[in-house]
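Reader: Hi! Could you walk me through this one?
Author: Happy to, here it is.
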Amino acid sequence: MTTSADPTDVAERRRPVSRLRARINFAVFSAVTIGGGWLFAALDRATGQITGAGSVTSTSGGTNGQGLWLVVPALTALALHFLSRDGAGPLGLTLRFADRTRWFAFVMVLSPIAIAVSVAGATATGAATFSLTPRAGEPALLTAFATTLGFLLVKNLLEEFIFRGYGTRTAMALGLRGVAPHVLIGLVWGLWHVPLYTVWMSQADFRQTTTLPWAWYLPTLLVGTVALAVLYGEIRMWTGSIWPGVVLHTVDNALITPLLLNGHLSFEGRGDTLFGLAPNSVISVLLFGGTGLVLLHWRSRIRWAPSSHRSSRGSGGDRR
C-alpha cells in the first residue's frame, strides 16, 4: 500500500547531503557507540555494580552501565540528527511504506525458516541433538518465546533505531557504493556487542551460544554482524523504515535464546561453528547475508533501470 510521505521526512530528503558532515557524524557516532560500552563497564566496576549476571531477554541482572550502553548511542544519534544536519535522510520511524503487509510477513517467517534449516542440518549431520522438551526447571519453548517479546521489542526498537535508523542512513551518505556502507555498520554493531558478552552477560549463558575461544569468536562475530547488517540495512533501504527490522530482530531473539539457553539444542564438538543459531555460524552468514545480498542486487538493478521500467517494477528503490 503506497501512502503519502510525512512532511518532515520530505523536508529531510530535500536537504542536500553533506558528505563531510556525514563523515564527521559517523565518526562521532561510532566512537560513542563502540567506546561507550567500555566506559560504562568501568563505571559499573567503580561504583560496585555486580556484572556478569545479566540476561539478554530481560532486565534481570542488569546494571546502570548496561542501561547506558543501550540508551546513550540512541541519544547520540538523536542529537547528531537534529544538531548536526547532514542531509542523509529521515530516521526511518515511519510505518507508512509500500507493500507493508508483504514486508512484515517476510520478516516474520524469515527467522523461523532459517532456524529450521539450521536445526535440520545440525541434527541430520550429527552436529547437534534437538528436543522439544526444555531442561528441567525451564519454561516450554512457546512460553519462553511469549514472555520475552515485550522486553525484546523495546530493546530491539532502540537497537534498530541506533544501527539502522541512524547508522545506515548516515553510512549511505558517505559516498560509498555497494555493500560497503553495510560493512561499516556491521563492524560498529559487532564491536558494540563485545562489552555485553565479556562484562555484563552471564558467562554460563554466553558459553551456550559458542564453543569458540575469543581469539576465534571475535572475528567470526564481526563477519556475522556484517552479514546481518547487509540484510537489515537492505530491508531499511527498501522500506525506508526500521520497523520490519525491529520485528525480524525480536522474533529472531525470542526464538534463538530459549533454544540455546534452555537446553533444546545441544551441539557436539564444534558443531555450532557450522550450524549454530548465533550470528557467527557459517549457515547464519550464508542464509542471512545471502538474503541481504539478493535484496541489494535487486535494489541496484531497479535504481539504475530506466525510469519507465523502474516505475513498472514498483516501489523498491533507494529510499532512505
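Reader: At what angle do the axes of helix α3 and helix α5 cross?
Author: The axes of α3 (residues 64–83) and α5 (residues 141–171) cross at roughly 35° and come within 9 Å. This is a predicted model, where local features need pLDDT of at least 70, side-chain atom pairs count only at pLDDT 80 or more, and totals for chains, interfaces and linings use all residues. Residues are numbered from 1 along each chain as its sequence is written, and side-chain values use heavy atoms, without hydrogens and water.
Reader: And which residues of α3 and α5 make the contact?
Author: Among them are Leu-70, Pro-73 and Ala-74 of α3, with Leu-158, Phe-161 and Arg-169 of α5; contact means heavy atoms within 4.5 Å. The residues of this contact divide into ten nonpolar, one polar and three charged.
Reader: New topic: how many salt bridges are there in the whole structure?
Author: Four, a salt bridge being a side-chain nitrogen of Lys or Arg within 4 Å of a carboxyl oxygen of Asp or Glu. In one of them, Asp-86 meets Arg-169 at 3.1 Å, N to O. Asp-86 sits in the loop between α3 and α4 (100–124), and Arg-169 is in helix α5, 83 residues apart.
Reader: Is Asp-86 buried or exposed?
Author: Asp-86 is buried, with a relative accessible area of 2%, and Arg-169 is buried at 1%. Buried means under 20% relative accessible area (1.4 Å probe, protein chains only).
Reader: What does Glu-234 form a salt bridge with?
Author: Arg-299, with the closest N and O atoms 2.7 Å apart. Glu-234 lies in helix α8 (residues 214–239) and Arg-299 in helix α11 (residues 282–304), so this pair ties together parts 65 residues apart in sequence.

Technical notes:
Axes are lines fitted to C-alpha atoms, for helices over the stretch in contact, and angles run from 0 to 180 degrees between N-to-C directions. Helices (H or I, at least four residues) and strands (E, at least two) are DSSP runs, numbered from the N terminus. Ala, Val, Leu, Ile, Met, Phe, Trp, Tyr, Cys and Pro count as nonpolar, Asp, Glu, Lys and Arg as charged, and the others, Gly among them, as polar. Buried means under 20% relative accessible area, exposed over 50%, partly exposed in between (1.4 Å probe, protein chains only).
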